[in-house]
Amino acid sequence: MSAKRQFRIWRGDETGGDLQDYMVEVNEGEVVLDVIHRLQATDAPDLACRWNCKAGKCGSCSMEINGKPRLGCMTRMSTFEETETVTVTPLRTFPIIRDLVTDVSFNYEKARETPAFAPPADVAPGDYRMQQVDVERSQEFRKCIECFLCQTVCHVIRDHDENKPAFSGPRYFIRAAELDMHPLDARTDRKEYAQAEQGLGFCNITKCCTEVCPEHIKITDNGIIPMKERVVDRRYDPLVWLGSKIFRRGETPQTSVTTARQGSATSPGAARGGVHSHAGGSHDPQAEAQAQSGVNWHREVPHPTAPAVDERGKLPLTELTFDRPAAPSPFGDDVTFPLPPDELNFAHPDQDKH
């Protein structure tokens, strides 16, 4: 079965453009990208549109359909009413090249700025060993197809183009989170880098990035929120602060962000134990300038903990036959939910009245 459906597609380039109406034949089971291809073959041969795999795995056909960022190859026409006009526009956050094609080089610039995985110096390639739970924990983030839908929907740069130099976006927050939880990554200041250079503090966790992810990655819950919590623990947890005073007396605090280009010297504010970054802290001008310049990757970092292996260098069988998809529950196996009221550590003063 086929029927004529009305499409409204944005046509133009960086100098301007407008929406144009088309009546296009739509067959049962087709997706929006199919209709665009038919339109290119009939009424609009000069319509520009990116696509590659047509299977939801390359991320090339990102566009905004009825105002929502989606993949053209994964948006079925059956999701729209038969009388509904389907409006297709380019990604709003990035500069337009022509028609539905946008310049997404911003994302590749941020990818180049993100420090790569740093293998441990004392382990030869081929000898890396990880426990299965660590593999599964970061595997979710590696499903990213870089469609940049999460980037374009993030209002920090969607509504404020001036934030782009200081904000990497959700795609690279989960990259930082993946490397931060990697047991073999030799760099231990991923959190500081995310806060000081990637603009983690700008994110207010509205979860709009999670809602549009075609790979169903829990970007906010499993990546950004845990990263924010680790940043806060390092900066404001009184036990961590006391431990740094006791065990690292006279050393640069882990939370001080300095730059290799200026050597390993710290600012007077950092020397007094202050914590700074351009997201807040000691408010020391010199420390602020150093924080905005980058992270000192050359300082000495502790060696990663080696995984538990047998005399052959293999993981024990129990690690490979674990009966859960992730780590054991921190509450223990004997805890059931919801918890009884007498085991809660907080009770509302008027809870007995309701």
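**Figure 1. Phe-7 and its contacts in the predicted model**. Leaving aside neighbours within four places in sequence, Phe-7 is in contact (heavy atoms within 4.5 Å) with Gln-20, Asp-21, Tyr-22, Val-24, Val-26, Val-32, Val-35, Met-77, Val-86 and Val-88. Phe-7 is also one of the residues that touch the most other members of the largest nonpolar core, together with Val-32, Met-63 and Val-88. That core holds 57 residues. A nonpolar core is a set of buried Ala, Val, Leu, Ile, Met, Phe, Trp, Tyr and Cys residues joined through side-chain atoms within 4.5 Å. Buried means under 20% relative accessible area, exposed means over 50%, and partly exposed lies in between (1.4 Å probe, protein chains only). In soluble globular proteins, nonpolar side chains tend to be buried together.

The model is predicted: local features need pLDDT of at least 70, side-chain atom pairs count only at pLDDT 80 or more, and totals for chains, interfaces and linings use all residues. Residues are numbered from 1 along each chain as its sequence is written, and side-chain values use heavy atoms, with hydrogens and water left out.

**Figure 2. The buried residues of helix 1**. Helix 1 spans residues 32–41. Its buried residues are Val-32, Leu-33, Asp-34, Val-35, Ile-36 and Leu-39. Their cover includes strand 1, strand 2, strand 3 and strand 5 (86–89). Helices (H or I, at least four residues) and strands (E, at least two) are DSSP runs, numbered from the N terminus.

**Figure 3. The hairpin of strand 3 and strand 4**. Strand 3 (residues 62–65) and strand 4 run antiparallel and are joined by 4 bridges. Two strands pair if DSSP finds at least two bridges between them. Glu-64 has Pro-69 in strand 4 as its bridge partner. The hairpin has 2 residues between the strands. Asn-66, in the turn, has a positive phi of about 55°. Strand 4 (residues 68–71) has a covered face, formed by Pro-69 and Leu-71. Lys-68 and Arg-70 form its uncovered face.

**Figure 4. A salt bridge between Asp-21 and Arg-8**. The closest N and O atoms of this pair are 2.7 Å apart. Asp-21 lies in strand 2 (residues 16–27) and Arg-8 in strand 1 (residues 2–13), so the pair ties together parts that are 13 residues apart in sequence. Asp-21 is partly exposed, at 44% relative accessible area. Arg-8 is partly exposed too, at 31%. A salt bridge is a side-chain nitrogen of Lys or Arg within 4 Å of a carboxyl oxygen of Asp or Glu. Side chains of opposite charge can pair when their charged atoms come close.

**Figure 5. Arg-171 and its partner Glu-146**. The salt bridge between Arg-171 and Glu-146 brings their closest N and O atoms to 2.9 Å. The pair links distant parts of the chain, 25 residues apart: Arg-171 is in helix 6, and Glu-146 is in the loop between helix 3 (132–139) and helix 4 (149–153). Helix 6 covers residues 170–180. Arg-171 is buried, with a relative accessible area of 12%. Glu-146 is partly exposed, at 28%. Leaving aside neighbours within four places in sequence, Arg-171 is in contact with Cys-144, Glu-146, Cys-150 and Gln-151.

**Figure 6. Asp-180 joined to Arg-230**. The closest N and O atoms of this salt bridge are 2.7 Å apart. Asp-180 in helix 6 and Arg-230 in helix 9 (residues 219–236) are 50 residues apart, so the pair links distant parts of the chain. Asp-180 counts as buried, at 17% relative accessibility. Arg-230 counts as partly exposed, at 25%. Elsewhere, salt bridges that share partners join Arg-11, Asp-46, Arg-98 and Asp-99 into one network.

**Figure 7. A cluster of Phe-167, Phe-173 and Phe-202**. The structure holds 4 aromatic pairs. The rings of Phe-167 and Phe-173 are edge-to-face, with centres 5.3 Å apart and planes at 90°. Both residues, Phe-167 and Phe-173, are buried. Phe-167 and Phe-202 are also edge-to-face, at 6.2 Å centre to centre and 85° between the planes. Phe-167 has a relative accessible area of 0%, whereas Phe-202 is partly exposed at 40%. Rings of Phe, Tyr and Trp (its six-membered ring) pair if their centres lie within 6.5 Å; planes under 30 degrees apart count as stacked, over 60 as edge-to-face and the rest as tilted.
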